[in-house]
Amino acid sequence: MPGKSVGYKNDLLRLFFNATATAGITIPLAVSTTATSFWLSLHTAAPGTASNRQDLNETTYSGYQRLEVIRTSGFAVSANSVTLAANQTFATASSSGQTITHWGIGSTSTGTGYLYYGGTCTPTVTIDQGVIPILTSASRVTED
């Protein structure tokens, strides 16, 4: 079946997540001085991958805020997949009543934002007062 070569998948992921230039591939995001970080978000249902909106189904527990991940050092690329370089710890919940089922990687610290990637959280996280959600370095994005 036609598709991307393994090398090309890795090169695309390195370009996007690590700002690492690759021979023959140049896009503005790779050299942009404004795209130095991405923002992790937590969601109570699938994020807006069809609409590209990072705020769709985003959690609203008291204390929550998106986490900044530096593009050049916050992600590790290998075997056409990306993992977080380190665990990412979100703010402690000061309210209850939500369940985190998904995560997102987007463009802004607040607001609508542009959603680049999203995925499921396994296991899900039940938000109760005092809970500290963490996305681990086992969290993975795969380029198919």
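Visitor: Which residue in β7 stands opposite Gly104?

Guide: Gly118 does. Keep in mind that this is a predicted model, where local features need pLDDT of at least 70 and side-chain atom pairs count only at pLDDT 80 or more, while totals for chains, interfaces and linings use all residues. Residues are numbered from 1 along each chain as its sequence is written, and side-chain values use heavy atoms, with hydrogens and water left out.

Visitor: What makes β6 and β7 a pair?

Guide: Two strands pair if DSSP finds at least two bridges between them. Strand β6 (residues 98-106) and β7 have 8 bridges, in the antiparallel sense, so they qualify as a pair under the cut-off of at least two.

Visitor: And what makes something a strand or a helix here?

Guide: Both are DSSP runs numbered from the N terminus: helices are H or I over at least four residues, strands are E over at least two. On that basis the protein has 2 helices and 9 strands.

Visitor: In what order do the strands of the open sheet lie?

Guide: The order is β2-β1-β6-β7, with antiparallel pairing. β2 (67-70) and β7 (115-127) are at the edges because each has a single partner strand, so one side of each lacks a neighbour in the sheet.

Visitor: How do you know which strands helix α1 lies across?

Guide: Contact means heavy atoms within 4.5 Å. Helix α1 (residues 6-18) lies across β1 (37-43), β6 and β7, and runs at about 75° to β7. That angle can fall anywhere from 0 to 180 degrees between N-to-C directions, with axes fitted to C-alpha atoms, for helices over the stretch in contact.

Visitor: What does β3 pair with?

Guide: Strand β4 (residues 81-84), in the antiparallel sense over 4 bridges. Val77 stands opposite Val82 in β4. The hairpin of β3 and β4 has 2 residues between the strands, and Ala79 takes a positive phi near 50° there.

Visitor: How much of the protein is buried?

Guide: Buried residues make up 41% of its 144 residues.

Terms used: Buried < 20%, exposed > 50% of the residue type's maximum accessible area, 1.4 Å probe, protein only.
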